[in-house]
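Please look over the sequence and the model shown below.

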Amino acid sequence: MKKGTIGKAIAILCVFAIVIAGAFIAKTNAVVSCEDCSGYGYVHALPCADCEGAGAVDAEECGTCEGAGTVTVTGLADGEAIADGKTVCETCSGTGEVEPGSGYYSTFMGLFPPLVAIALALITKEVYSSLFIGILLGGLLSANWKPITALDNLLNDGLISAVSGTAGIFIFLVILGTMVALVNHAGGSAAFGRWAETHIKTRVGAMIATFILGVLIFIDDYFNCLTVGSVMRPVTDRHKISRAKLAFIIDATAAPICMIAPVSSWAAAVSEFTEGTGYSGIELFVRAIPYNFYSLLTLVFVVALAVMKFDFGPMKKHEFNAIAKGDLFTSGDEAKAVEKESENPRGRVIDLVLPVLILVAICVIGLLYVGGLFDGASFIEAFGNTDATVGLPWGALVALVITIIYLMARRLISFKDAMACIPKGFMAMVPAILILTFATALKNMTGLLGADVFVGGLMDSAAAGLANFLPAIIFVVACVLAFATGTSWGTFGILIPIVTAIFPGNSELMIIGMSACLAGAVCGDHCSPISDTTIMSSAGAQCNHLNHVSTQMPYAITIAAVSFVMYVVAAFVQSAAVLLPIGVVLMLATLFVMKACSKKAVEQ
């Protein structure tokens, strides 16, 4: 047996030993609020407002109360009293509390399944089995080690829920893969590559062009990852930029850009969690942008690396192989999967640009339509109410039909060729779909184990004696939570209510704390192998997923370290006009020092 294999086996055994030890230590007898009565201990019936207690509207059964004439309500408003119809909740017998399904609920074991999955993925370099083991561990912990219940949790709350919850994104992925295959077959990608060869003449130019396109597509991170990757792959391939570097640039201009763009799906999501702050959701989001150091410094970092022609960590090896050997992949199955398509000599640049523009325009319309723009909602309200899992496939399907008609009208493809591109698009996206399914199932397992409740308790206890360092602490906690769960949206959904409760309303420190929460969520999401945005970036660049994770992590940690220092300073110097220039200078100084140290090490 090889030494490397023995080392991996020992590491895996150590991971499981820690899990088993933690399982015995962490078990708790905690109780949670009863969902059926919202913790009040009773429920009561009120006349249905829609049918005024009649049970019917216009001679038809009322859909709200299903003909009963009453609706069951939990709790009462302050000062309100109802004598009639009030009954003790059967679920909790009037206590307002029930035992959780797992003895590990709201303990640090809630974070163990994702941490184990991440550790195994980084040790074994095998992502599918690692994620599945994490899901299985989550199922066992949530079922108190009962195998049948664990299997129920794994299937129903894990995998089946993951597929149903992300089916819209799966459809979007397949349609986008199909459009890429169509444009490639029609010769549009090859024509764009030839155009780029004459207009983008350097590696630096190719990286900056990819960065700019990523900045321009700020509406949604999924859409950003896949569109930028599809458009810029021919350009970066011609300039011998490794797929790992392309994936990093895509990822660096996805979530970080969406988090500082007021008109984006991310801004809309943040707005949902900001009640009781004294600001409207979008106003608070805009005020937080100047203090979002991680997102802003990531943009500085990407441009600086390109201009300085400098790389470090595992990325250095990938870039060396790309430049010196023409090996864009270094390792991974993607290198074997790449096939040279026969180029249609009649393809033009417009055959790539027009389908992309159509896709962008109709997807934006789709997002606004789903959000209710055409039903009277304002532009901002439509973005706030939209659902990307519905709006993106809606727009992509329309764009696909238009693209097929256009390419057939140009006589670049036949109908048979167009239909053959559908399974090609599906096959290209199978790895991303599998990883996304497993990653979402793993997030569901952490929910069953109350990881959010555990982290919320930690934040509440930290607030008492560390007021001036709270922004930096919030940033670190958000990083860890997003890294472990793979979701930035879930992270700021958990932490924003805590942040707004800790800081005084309408204070600058609350804005800084909010920014720290959002920045940490993006940072953890950026590093996590189970993050959907990280998975999408790998898919967009057609890069081995673990190669992307391992090469990006040192970069993200470097930016996070500088951001942490800035949040420590921000608690005392509460002025974005002063802090931002300091942050930019500190980021550039860090890179110059690292480059000088790297050069000195090579010379020695």
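Helix α16 (residues 350-370) packs against helix α18 (residues 388-409) at an angle of about 145 degrees, and their axes lie 7 Å apart. Axes here are lines fitted to C-alpha atoms, for helices over the stretch in contact, and angles run from 0 to 180 degrees between N-to-C directions. The crossing of α16 past α18 is right-handed; a crossing is right-handed if the near helix is turned clockwise from the far one by less than a right angle, and left-handed if anticlockwise. The contact of α16 with α18 holds 21 nonpolar, four polar and one charged residues. In this grouping Ala, Val, Leu, Ile, Met, Phe, Trp, Tyr, Cys and Pro are nonpolar, Asp, Glu, Lys and Arg are charged, and the others, Gly among them, are polar.

This is a predicted model, in which local features need pLDDT of at least 70 and side-chain atom pairs count only at pLDDT 80 or more, while totals for chains, interfaces and linings use all residues. Residues are numbered from 1 along each chain as its sequence is written, and side-chain values use heavy atoms, with hydrogens and water left out.

The protein chain has 26 helices and seven strands, which are DSSP runs (helices H or I, at least four residues; strands E, at least two) numbered from the N terminus. Of the 604 residues in the protein chain, 51% are buried. Buried means under 20% relative accessible area, exposed over 50%, and partly exposed in between, with a 1.4 Å probe and protein chains only. Among contacts in the protein chain (heavy atoms within 4.5 Å) between residues at least 6 apart in sequence, 79% join residues at least 24 apart.

In soluble globular proteins, nonpolar side chains tend to be buried together. A nonpolar core is a set of buried Ala, Val, Leu, Ile, Met, Phe, Trp, Tyr and Cys residues joined through side-chain atoms within 4.5 Å. The largest such core has 148 residues, and F248, Y294, F301 and F475 have the most contacts inside it. Helix α23 gives the most to this core, with 13 residues. A second, separate core has eight residues, including Y104, M109, L120 and L137.

Why is α23 largely enclosed by the rest of the structure? Of its 20 residues, 19 are buried, so α23 is largely enclosed. Helix α23 (residues 508-527) reaches 29 Å from its first C-alpha to its last, close to the 28 Å expected at 1.5 Å a residue; the expected span is 1.5 Å times one less than the number of residues. Helix α2 (residues 112-124) has 13 residues and reaches 18 Å, close to the expected 18 Å. Among the buried residues of α2 are F112, V116, I118 and L120.

Beyond its neighbours within four places in sequence, F248 is in contact with F301, V302, L305, M315, H548, Q552 and Y555. A244 lies in helix α9 (residues 243-252) and is buried, with a relative accessible area of 1%. Not counting residues up to four places away in sequence, A244 touches M315, H318, C543, H548 and T551.

Most residues other than glycine have a negative phi. K309, in the loop between α13 (293-308) and α14 (314-325), has a positive phi near 55 degrees. K309 counts as exposed, at 68% relative accessibility. R411, in the loop between α18 and α19 (415-448), has a positive phi of about 60 degrees. R411 also counts as exposed, at 68% relative accessibility.
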